[in-house]
Amino acid sequence: MNRTAIDISLSGATGTVAERHEVRDPGRVADVVGTYPLHDVASIDALVDKALDAQRDWAERTAMQRWELMRAAADTVPHEELATLLVREQGKPLAEASMEMQSLGIVLDRYRPHAEWLAESNAAPRSGRTVRHRPFGVCGVITPWNWPFRIACALTVPALIAGNAVVLHLSPSAPLASARAFQVLADALPEGVLSIVTHPDPRLASRLVEHPRVRKIAFTGSTGVGRTIMGNAARGLKNLTLELGGNDPAVLLEDVEPTDELADQLVGASFATTGQVCMAIKRLYVPAARVPDYVAALAARLDREVVGHGLDQATTMGPLHTRAQRDGVQRLVRDAVTAGATATEHGTLAVDPEQGWYMRPTLVHGIAPDAELVAEEQFGPALPVIGYSSVDQAVAWANDSEYGLCSSVWSADLDRAFQVAERIEAGTTWINKHGMTAQDPEAPFGGVKSSGVGRISGSWGLNAFLEPHSVLA
């Protein structure tokens with residue numbers, strides 16, 4: 001196992017560094033994975049000024065010229081090397097990290113037709129009603145630790161294609177692999193068009209949000225932080241795209257049998273990235289009389305999981321990212337058991353649990369529908385299974401949440417599944433699937449209620465970083 005520590009540089013840090021911050025391996029917390037330099041507020045101001053200067057020339061290029069420059073750079077990112085680094089700083093298994101570190105090329109390929117549309121639209125002849133699509137100028141992009149590179153690509157790529165300059169603030173607890181990959185892209189672009197920063201002190205991100213010359217903020221992360229960003233951005237009337245927390249319900253109708261195939265789908269949708277995914281199933285509603293059958297099928301599937309370090313070949317589930325995250329999920333499970341629920345742990349723990357923030361996948365049943373484990377976004381490997389007496393009750397429980405990111409309905413009767421799906425309050429409702437592998441890259445993605453503001457993905461993702469300008473004769 002590669003346990004060498006690396007040091008990375010970050011945009012604009014030269015001459016402003018008071019110290020370097022350590023990043024530790026959540027699977028081997030004694031190991032320092034690497035370090036990065038700390039910025040100060042003055043360096044954020046300088047990067048924004050440089051971005052504003054660079055953006056003017058960047059916006060003069062066509063969208064396809066911008067896309068082509070970025071696509072060529074994507075092929076030079078050292079995916080395999082950075083996947084190993086991502087495992088060591090984030091905790092996820094290597095197969096998952098390898099997929100994530102290929103995100104830049106994948107996202108760019110998906111945006112090619114939208115770049116072509118923008119180039120053609122802005123080159124269309126003038127008429128009595130002419131609509132051009134203009135970039136905002138400088139955009140601040142702030143991203144989380146669970147899928148740090150993939151989510152940053154999903155926001156940064158359309159922002160740059162649109163003609164904006166971007167100051168990208170990566171998660172301070174897992175920035176190393178993403179910073180190195182984005183530096184490859186930044187080096188291929190005109191200086192100042194893309195800058196990479198991070199800091200464990202939230203005041204640096206707050207300065208980016210509040211900066212008077214940053215006109216657009218795109219953020220993915222918790223609802224609590226999203227509320228803070230919205231409040232801080234309000235003073236400048238900034239345009240916002242916020243993809244926030246989720247507490248995704250999955251509703252299984254009476255005709256769904258607890259087969260091995262179903263259990264495999266549900267486990268994949270619930271426990272990927274050790275359950276630390278905004279669009280994971282976090283509440284499973286099943287017919288009350290069948291709860292034991294569904295729990296047994298899920299338990300049999302989860303017993304095949306191997307919990308360990310992400311670089312170990314046998315590992316299928318890594319540690320949680322932080323001690324606070326693990327301890328919080330364990331507390332929710334303990335509280336549910338104290339209140340009368342049954343919790344069962346599954347899988348094999350193939351590592352000394354004292355080495356990192358490990359937790360075996362856990363099923364909880366016999367739980368009240370308003371228990372904290374059900375009502376809150378646990379963001380970890382614990383799945384409550386709740387029995388309902390009627391579909392109306394299941395829908396009511398599914399909607400009884402401040403969140404509304406994603407959801408799913410499962411049934412062999414597609415017409416009935418669609419009827420139920422249309423009653424659920426969510427930005428996305430899948431039929432007979434759920435989670436990252438179920439996403440449609442051309443469908444709008446985002447939440448309702450406390451799960452977000454705005455949409456990303458496909459044409460919605462590009463338009464989130466553009467302002468229409470109508471010229472009327």
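R331 is partly exposed in this predicted model, because its relative accessible area comes to 33%, between the 20% and 50% cut-offs. Its partner is E372, and the two form a salt bridge whose closest N and O atoms sit 3.1 Å apart. This pair ties together distant parts of the chain: E372 belongs to helix α13 (residues 372-375), R331 to helix α12 (residues 323-338), and 41 residues separate them. E372 also counts as partly exposed, because its relative accessibility is 38%.

R112 and E116 both lie in helix α5 (residues 103-123), 4 residues apart, which is about one turn of the helix. They form a salt bridge too, with 3.2 Å between the closest N and O atoms. R112 is partly exposed because its relative accessibility is 37%, and E116 lands in that class because its value is 32%.

What about R301 and E305, buried or exposed? Both are buried. Their salt bridge has its closest N and O atoms 2.7 Å apart. There's a network here as well: salt bridges with shared partners join D264, R301, R304 and E305.

| Salt bridge | Closest N and O atoms |
|---|---|
| R331 and E372 | 3.1 Å |
| R112 and E116 | 3.2 Å |
| R301 and E305 | 2.7 Å |

How many salt bridges turn up across the whole structure? A search finds 29, including the one between R112 and E116.

Definitions and conventions:
Residues are numbered from 1 along each chain as its sequence is written. This is a predicted model: local features need pLDDT of at least 70, side-chain atom pairs count only at pLDDT 80 or more; totals for chains, interfaces and linings use all residues. Side-chain values use heavy atoms; hydrogens and water are left out. A salt bridge is a side-chain nitrogen of Lys or Arg within 4 Å of a carboxyl oxygen of Asp or Glu. Helices (H or I, at least four residues) and strands (E, at least two) are DSSP runs, numbered from the N terminus. Buried means under 20% relative accessible area, exposed over 50%, partly exposed in between (1.4 Å probe, protein chains only).
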